[in-house]
Amino acid sequence: MEKQTVKINVNGVDYEVEAGQNVLEACRKVGVEIPHFCYHENLSVVGNCRMCLVMTGMPARDRATGQVLQKADGTFEIAWAPKPAIACGTRVAENMHVITDSDEVRRCRESVLEFILLNHPLDCPICDKAGECRLQEYSHAFGSGKSRYVESKNVKPKKVNVANKIMLDAERCIQCSRCIRISREIGGKDIFGFTKRGSKTEISVYEGADNESNYLLNVVDCCPVGALTEKEFRFEMRTWFLKVTDSICAESSAGVNTRVWSREGKIYRITPRKNPFVNDAWMSDSGRYVYDRFEKGNRLESARIDSSPSDKGYAAQRCVEILKLGKVAIVANGWQTVEEQFLIGELAKACDAKVYMASHVDEDDGKLVSADRTPNLRGALVTGLISEYPKPDLKELAEKVRSGEVKTVLCFREDLIDLGFEPKDFKSANIIYCGALENDTSRDAKVCVPLRSEFEKEGMWINRQFRVQKFDRAVEAPKNSYCDCEFLVAVLREVSGASFETPSIKRVRKVMCEKIPALRGCENVGKLGVLIDGSAFAHIAFPETDAMHFKKDSREA
Amino acid sequence: MAIIVERRRLTWMERTYLPQIVSGLWITLKNLFKPKVTLEYPEQAPILPPGYRGAPTLVMDSAGREKCVSCQLCEFVCPPKAIKIVPGEISGNSEYAYIEKAPKEFEINMLRCIFCGYCEEACPEKAIVLQQEFSLNGRTRAEMIRNKKQLYEAGGVLPDKIKKWKKVKDTADLEGGSH
């Protein structure tokens, strides 16, 4: 069906926009921003902030005949609505005229802001939202700059703890009700609600009730003011110091688009990034703290050969020597980027090795935490490392090590002890461990190569929809660590004499996209990612269930 | 091209140089009896004009409350990046718990500071003030980095005209609020 469009006129300019949407959305799409607090494109419209008031008008009609009145030059006689209307609650209609920048509209905005600011505490210096606060921005742009209010401000509850994750400051609240709608419509549970009336209205939570939800912190991102702030991030750092990097959530195969906020190499928080095809504007609370895994104490600090520290270059050299002995097996994982998995595939071919993987399956919440807790298992399928869904352990490989069929195991990130290996197996085979984290395997491995965490490298992951998404490097890597791709290329070059001239990720990506048909055109996937054809893997029983923007059986249907 | 400047031939009187020497000594002699305009600096302290931009310090209000709420605007505005703040929360049992935020650590690197006064200008709480200290020295670099304690010692008390936080507290007490 063809999309229906209507003609509208915004500030004297004609546009053709999609029918059925509201004026605010239509104006945004043609590049006219209308200020708003309560409206959110992924939530229901309530229209209670009144910030998006605009003047609207329709072509006038003759009262007697109902005919549209047209002037001699073909333009319409416009019957302007006598009062401004909210843009979020008004649908676009054929030949609708909208004015968003007249003096009257500006006066509306100023007055609405004056009302909102009457009881606002103006404590921006101690408010965590400062710098990304809608009220701050709009007051600056549309506010009058002074207050006529001389009475005392209303006193409301402050520092209210919500489910131990959020600090609620009811004084700062402007009653937009976004948090109420998010927890109801996205989290599926009523957590917030308005109590009291008039200017005393305040946002409150059910006292003593279980307000816990894994999607609770979305209200913090969407709160237009500092009424709801994250406890973990409270007073940690002002937002204007933080560098924002586009990233992808490593929590599960949902591939939630995220932003990583860091300063001087330290990650302070992770927030969702809008992607209408994957996660809309939401993410799980658990996904916000995945960087905790890479805390300093957990990191593999330096390369080791036979448990003694060594230079990373020597360690790589030792890897090559061991790999050349033959009878190699490689343990890949679903946290590696597609580029790394492609290089592992090449390495496996070069040293005639079989690639093993272990699945990490947990409960699927039917939203944005999928059953597969690795972000890039689909990448291993697409790059051909594996052809079946992996088993949850590596007992098969452990058996082969015991029988002597495999003499060398090149293990990336996974903890072999957890996956069916026994400490004595480390004696019967050469175990090489490459990864960012220290674990039982790294402690006993013959050679350890410190690699980078997903926040310290760039690359692409393929999520449960077979959407290729890229993420950027957020923070600097520790100085002794090898860039994963660099390490793989260095080893690959030695083992096989392969033709990668420079170990740059862009070069690897280019070669990969040329070699793998499914990834053709994925060299530059952009911010929203590129959906690739995953029908070749339709026979595999993936553990994910139907969820937000994901239908399990859509491919088969 | 070289230019040859034509010089006037000196008279006999001028060639003796005596009038010039005598008139020079006369000027010196005159100044011996005029009032002094110079300062003997290390012994004599200069009188600094109001608004003089000396070392930045942190100040307390008349009740002894630390005014800084660690909003980090000074850190942001500081051109040579001399300021480093670690924000923190005021503990619940403090009398000023309703202000919520105070610096855990506040450092100004006096080797970096250029005495521009932007920090004072940016401060929404009037907590950082450039005062009159101008002769800063130390034996090591570390000594020249002033921590929060040193900054408050140097700053002292500066009573404020607008008692914004007191007003917040008084309103809350009056309304029986939950501060």
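Predicted model: local features only at pLDDT ≥ 70, side-chain atom pairs only at ≥ 80, totals over all residues.
1. Confidence. The predictor assigns the complex an ipTM of 0.85 and a pTM of 0.90. In chain B the mean pLDDT is 91, and 98% of the residues reach at least 70.

2. Layout of chain A. Three domains are assigned: domain 1 covers 5-101, domain 2 covers 117-294 and domain 3 covers 300-537. Between the centres of domain 1 of chain A and domain 3 of chain A, taken over C-alpha atoms, there are 54 Å. The C-alpha atoms of chain A occupy a box of roughly 95 × 55 × 40 Å along the principal axes.

3. Content of chain A. The chain has 13 helices and 24 strands. Of its 557 residues, 47% count as buried. Taking contacts in chain A between residues at least 6 apart in sequence, 67% link residues at least 24 apart.

4. Shape of chain B. For 179 residues, a compact globule would have a radius of gyration near 16 Å, whereas chain B has 28 Å. Its C-alpha trace extends over about 100 × 45 × 30 Å along the principal axes. Buried residues make up 22% of the 179 in chain B.

5. Content of chain B. There are 6 helices and 5 strands, and along the sequence they run α-α-β-α-β-β-α-β-β-α-α. Of the contacts in chain B between residues at least 6 apart in sequence, 71% join residues at least 24 apart.

6. Helix 9 of chain A, buried side. This helix spans residues 395-403, and its buried residues are Leu397(A), Ala398(A) and Val401(A). Viewed down the axis of helix 9 of chain A, the buried residues fall within an arc of 100°, so they line one face of the helix.

7. Helix 9 of chain A, other side and end. Which exposed residues does the face turned away from the buried side carry? They are Glu396(A) and Ser403(A). After helix 9 of chain A comes Gly404(A), with a positive phi near 85°.

8. Ile270(A). This residue belongs to strand 14 of chain A, residues 266-272. Is Ile270(A) buried or exposed? It has 26 other C-beta atoms within 10 Å; the cut-off for buried is 20 or more, so Ile270(A) is buried. Beyond its neighbours within four places in sequence, Ile270(A) is in contact with Thr258(A), Arg259(A), Val260(A), Arg288(A) and Tyr291(A).

How values were computed: Residues numbered from 1 in each chain as written. Chains lettered and ligands numbered in written order. Domains from an automatic or database assignment. Helix = DSSP H or I, 4+ residues; strand = E, 2+ residues; numbered from the N terminus. Rg over C-alpha atoms; globule rule 2.2 N^0.38 Å. Buried ≥ 20, exposed ≤ 12 C-beta atoms within 10 Å, placed from the backbone. Contact = placed C-beta atoms within 7 Å. pLDDT = per-residue confidence, 0-100. Arc of directions from axis to C-beta.
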